[in-house]
Amino acid sequence: MKKWCKMRWVGLLFLCCLSASLQFCIVSSTSSPQPLLTNQGHQESATSRTLKQELGDPPEVHCSRERSRAAWKIIQEYLMPFVEKERYQIPRTCKLHPSNDLYRDQEEHKSLVELNDWQCGYCKKRFYDEKFLDKHFDNRHYNLLNVSHSRCLANVCGALHCDLAMDSVPHKKTKCNPAAAARNKHLCEGLADSCFPVSKGPSASRLHELFLRQFCDAHTCTGGRKPFSQGRRKKRSSISYLVISILTMLLLLLFYSYIYMYRSGVKRGTQELKRVTQSGRKKKPI
């Protein structure tokens, strides 16, 4: 009886220690990351002040990161699939070329690990929101921007209808400005001429016409055509090919497994039938 009581007290003590350690782990795991997420902006600003004191103030950049990102997205969705279909190389003198995007290298060093978890590709630091990662780039990695040339993809936003693409919430239609529409149309036609010169061959000529229909014709106050009237062509991802290949292999594996099992069953049944027949022949009548 005493031995049983001792064992029971030892078990209870073990359970109490185990529950206390579990509660400590849960509290520490849930509470410790929270200040890191909520105070990211404050911590980043304090660190950036120290860095700026060591390296000096960053050069002033007159280029919107958000509008450059919108322009890049429009180019990738509404233009590049057609360009790739024609196997056409956009010249570096074209303002739509990736080299004209001041923030392209930084944007390619972003990675969305999971929901609300952005990672910097330079220093592997993580952030709760993309806007904190943008501020991190401005504060810690501004020295990687080449501001010696007047490169800014946001400068072509007027031609590419960036405002329409950036508005996630529908709003009331504003009054059209004929002067702004004419200016944007002139910029758009200039991009068509410089990026897709008709003298470069049939592919460039077709893309020149498509660019005018896709972007330029909508720059008018008389209505008519809408932006992106030629639609978009989604690029076929290599992941889809991988998934199709895996499914095909699984189906083939199941098919051949079924054939093997079927033939094995037939063969086994035939052997059993022969064995029964032979045993019946060996038996002598009484």
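Predicted model: local features only at pLDDT ≥ 70, side-chain atom pairs only at ≥ 80, totals over all residues.
1. Overall make-up. The chain's secondary structure comes to 12 helices and 3 strands. Of its 286 residues, 27% count as buried. Take the contacts with a separation of 6 or more: residues 24 or more positions apart account for 68% of them.

2. The sheet. The 3 strands make an open sheet in the order β1-β2-β3, with antiparallel pairing. β1 (110-114) and β3 (126-127) are the edge strands, and each pairs on one side only. Strands of a sheet pair through backbone hydrogen bonds, either parallel or antiparallel.

3. β1 with β2. The two strands run antiparallel and are joined by 4 bridges, with β2 covering residues 117-120. Two of the pairs can be checked by eye. K110 has C120 as its bridge partner in β2, and S111 has Q119. The hairpin of β1 and β2 has 2 residues between the strands, and N116 there takes a positive phi near 60 degrees.

4. β2 with β3. This pair is also antiparallel, over 2 bridges. W118 stands opposite F127 in β3. The hairpin has 5 residues between its strands, and K124 in the turn has a positive phi of about 65 degrees.

5. Which residues point which way? D117 and Q119 point one way from β2, while W118 and C120 point the other way. Buried or exposed? All of them are buried. Helix α7 lies across β1, β2 and β3, and runs at about 15 degrees to β2.

6. H141 sits in the loop between α7 and α8. Its relative accessibility is 11%, under the 20% cut-off, so H141 counts as buried. The side chains of H141 and H136 are joined by a polar contact of 3.1 Å. Neighbours within four places in sequence aside, H141 is in contact with Q106, C120, Y122, C123 and H136. One of these, C120, is the β2 residue that bridges to K110.

7. Helix α4, length and start. Does the end-to-end distance fit, or what should one expect? At 1.5 Å a residue, the 14 residues of α4 (residues 65-78) should span 20 Å; the end C-alpha atoms are 20 Å apart, which agrees. At the start of α4, a side-chain oxygen of S64 reaches to within 3.5 Å of the backbone nitrogen of E66.

8. Helix α4, packing. Its buried residues are R65, S68, A70, A71, W72, I74, I75 and Y78. An α-helix has 3.6 residues a turn, so residues three or four places apart point the same way. The buried residues of α4 pack against a set of helices: α5 (80-86), α6 (104-108), α7 (130-140), α8 (157-160), α9 (162-166) and α11 (202-216).

9. Helix α11. The 15 residues of α11 should span 21 Å at 1.5 Å a residue; the end C-alpha atoms are 20 Å apart, which agrees. Buried in α11 are A204, L207, H208, L210, F211, L212, Q214, F215 and C216. The cover over these buried residues includes α4, α5, α8 and α10 (178-195).

10. Q214, in α11. Where is Q214? It is found in helix α11. At 0% relative accessibility, Q214 counts as buried, because the cut-off is under 20%. A polar atom of the Q214 side chain lies 2.9 Å from the backbone oxygen of Y78. Y78 is itself among the buried residues of α4. The C-alpha atoms of Q214 and L79 are separated by 8.4 Å, although these residues are 135 residues apart along the chain. Leaving aside neighbours within four places in sequence, Q214 is in contact with Y78, F82, P227, F228, S229, Q230 and G231.

Key: Residues numbered from 1 in each chain as written. Heavy atoms only, no water. Expected span 1.5 Å × (residues − 1). Buried < 20%, exposed > 50% of the residue type's maximum accessible area, 1.4 Å probe, protein only. Contact = heavy atoms within 4.5 Å. Polar contact = N/O pair within 3.5 Å; in protein donor to acceptor, adjacent residues only side chain to side chain. Pairing = 2+ DSSP bridges. Axes fitted to C-alpha atoms, helices over the stretch in contact; angles between N-to-C directions.
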